[in-house]
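Have the structure open as you read.

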Amino acid sequence: MIKIAKKNLVWWASALAVIFLLIQVACDLYLPTITSDLVDKGIMQQNMHFIWREGGLMLLVAAVGLVAAAGNVYFAATQSMQVGEKLRRQIFSRVLRFSSKEVNAFGDSSLITRSTNDIVQIQNVMVQVLRMMLQSPVMLVAACVLAYVREPRLTRVFLVSLPVLAVVVILVMYFAVPLFKSIQQKNDKINLVFREGLTGVRVIRAFRQERREQNRFKAANEDYTQTGIKAFTLVSFLFPVMTLILSLTNVGIILLGSHLIANMTMQVGNLIAFMTYATQIMISFMMLSMVFVFVPRASASASRVNAVLEMPISVADLPADQQDKINPDHPASLSFDHVDFRYDGAEKLALQDLNFKVQAGQTLAIIGGTGSGKSTLVNLIPRLFNIESGRIEVDGQPIERLSQHDLHQVISITQQKAVLFTGTIRSNLQFGNAQATDEQMWHALKVAQAADFVKEAGGLDAVVEQDGSNFSGGQRQRLAIARTIIKPASIYIFDDSFSALDFKTDAKLRLALRQDKQIQRAVTVIVAQRVSTVADADLIIVLDDGKVVGQGTHAELKAHNETYQQIVDSQIQKGDEKRAARTSQG
Ligand SMILES: Nc1ncnc2c1ncn2[C@@H]1O[C@H](COP(=O)(O)OP(=O)(O)OP(=O)(O)O)[C@@H](O)[C@H]1O
């Protein structure tokens, strides 16, 4: 919590909040003295001039106190909101740099809770710190001293009430604080189930698992609610008990005070002032105890936020002065030299001894069964993971010597699951190339075989809903392909991007890709399950269980490679092979 405050609070605004607070406390503490004088020297002695003067002073002090309180609230609130804004920004930019290893370490839902609910907890406590937490101890000590100075004999009442109050507060905190800490984790669980329910809604319906999911959500929700109820019941118990203790303290003060007044050893004004100080002492004590309840909860949130901000990034750039730069004149190329790769914590290598080189204008195709390592291979090119050994070069440069920013500038990729963003077709294409003209956009859409349905949908400004849900799976993939094509790059990667396309569209798209001037100067990498998609590639890599079991052209592999032959036999029947070749040659 302190770390977050140190890094994110603006010192002068926080100092102003504290100064306003001290002025407000001073005013609050001065008012009982004026009241006491007003009663003893004004009302009791019927001195109207004194009453007017002290009354005016009272109004002035109250007004200054009000302005100071407003100033304190303003600076405390703006500071805490700004801390929240900075933390959300820092978490978001950090998460954008995370590899899947870091994301998995927290989980998607926990990252969302940390950037929303946890930050709100921190924000709330920041306001309390800049207000109550500083105000309460100052008020408590000063009111005790002033009460003692005014009438030491009455302070005996506090010797009983304050220890009782302290025991109640400690007991409540002992039971409530662990509950508040666990509320955050239970909130993560609710988010997780809710998120899975949302993203998997169709599957849930199709498998008629609504009741099971509802029960799962109900369990998480009830767990959260019950913990919240327990925690807040304990805290709410504090208020009536404290009010009771405060009332009993006042009764004690009045009993003792009236005795002293009757003996003529104390004035009425002193009793009134003392009772005001007593109320201030008790209220400060209550506020302080509330802060002690909420600070541990917020510090649990602060640790959760700090864990994200301090998570080491596994795929890190070299220091700027040791980085190499891409040479824009170097022809496009991609090479893997004895590359081994293992997922974090896995016993087995996910990819073993990959060796190949492709040049500008060539197409590399990767084929293999499910789970053979195709996506893993293409994800190594933009360095989404670090390799275990070997060397990967893009445009003649080892990728770990480039900044990821530079590397990603020369790579354009369509992921296996097409991801579109809420907005329009234009804004989605601008993701690939912010400067693209309408003409370039239509060209990319044409190559991606998307122009027809985009025209029907209303053109470049047609709306794209969340996750592109207003387009079919095949249309989403074609839009993602257009976004990939529109980006000027050295390496174009299509990770199983043609799988949702029908046979004919797949062939037309590959033909259009081959005829595109920009693509002709680059290396194209195609991952596919269908032989027809890879048949015309310059180099085909056949993967099986992370190992390269064949490498060559379609003709070579068909003639000599058993695994490839099996794939061909299982897929291409009834003249499909010839039809594929005919269509892709135009
Ligand atoms: N993030 C990950 N952490 C650990 N193991 C992973 C991870 N991603 C993939 N794997 C494992 O690596 C292997 C290769 O997966 P990959 O996704 O590369 O296969 P693929 O050939 O693309 O499969 P598909 O055709 O089904 O998409 C699989 O055994 C998979 O379980």
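## Two loop residues with positive phi

Let's start at Gln 449, which sits in the loop between α13 (438–447) and α14 (451–457). This is a predicted model, so treat the backbone angles that follow as computed values. Gln 449 isn't a glycine, yet its phi is positive, at about 60 degrees. Is Gln 449 buried or exposed? It counts as buried, because 21 C-beta neighbours fall inside 10 Å and the cut-off for buried is 20 or more.

Arg 383 is another non-glycine residue with a positive phi of about 60 degrees. Look for Arg 383 in the loop between α10 and β4. Arg 383 is buried too, because 20 other C-beta atoms lie within 10 Å.

## Around the ligand

The ligand is surrounded by 13 residues, and the closest are Tyr 343, Thr 370, Lys 374, Ser 375 and Thr 376. Sorted by class, the shell comes out as 9 polar, 3 nonpolar and 1 charged.

For a specific pair, take Asp 340, whose bridge partner in β4 is Ser 389.

β1 (residues 333–341) also runs antiparallel to β2 (residues 351–359), and 6 bridges join these two. Here you can pick out Ser 335, which has Lys 357 as its bridge partner in β2.

## The annotated transmembrane part

Moving to the other annotated stretch, an unreviewed UniProt entry places the feature "domain: ABC transmembrane type-1" at residues 15–297. In the model, that range is 93% helix and 0% strand, and its end C-alpha atoms are 25 Å apart.

The UniProt annotation "transmembrane region", again from an unreviewed entry, covers residues 9–31, 57–77, 129–149, 155–177, 237–262 and 274–295. Take two of these spans. Residues 9–31 are 91% helix and 0% strand, with end C-alpha atoms 32 Å apart. Residues 57–77 are 100% helix and 0% strand, and their end C-alpha atoms lie 30 Å apart.

Asn 270 belongs to helix α9 (residues 268–309). Which residues does Asn 270 contact, leaving aside neighbours within four places in sequence? They are Ser 36, Arg 150 and Glu 151. Asn 270 and Glu 151 are 119 residues apart in sequence, but C-alpha to C-alpha the gap is 7.2 Å.

Asn 270 counts as partly exposed, because it has 19 C-beta neighbours inside 10 Å and buried takes 20 or more.

## Stepping back

Zooming out, the protein has 21 helices and 12 strands. Its radius of gyration is 36 Å, well over the 25 Å that the globule rule gives for 586 residues, so the protein is more spread out than a compact globule. Along the principal axes, the C-alpha trace spans about 120 × 50 × 45 Å.

Of the 586 residues, 34% count as buried. Among contacts between residues at least 6 apart in sequence, 80% join residues at least 24 apart.

How values were computed:
Residues numbered from 1 in each chain as written. Predicted model: local features only at pLDDT ≥ 70, side-chain atom pairs only at ≥ 80, totals over all residues. Near = placed C-beta within 6 Å. Nonpolar A, V, L, I, M, F, W, Y, C, P; charged D, E, K, R; others polar. Helix = DSSP H or I, 4+ residues; strand = E, 2+ residues; numbered from the N terminus. Rg over C-alpha atoms; globule rule 2.2 N^0.38 Å. Buried ≥ 20, exposed ≤ 12 C-beta atoms within 10 Å, placed from the backbone. Contact = placed C-beta atoms within 7 Å. UniProt positions renumbered as here; feature names shortened; annotations may be inferred. Pairing = 2+ DSSP bridges.
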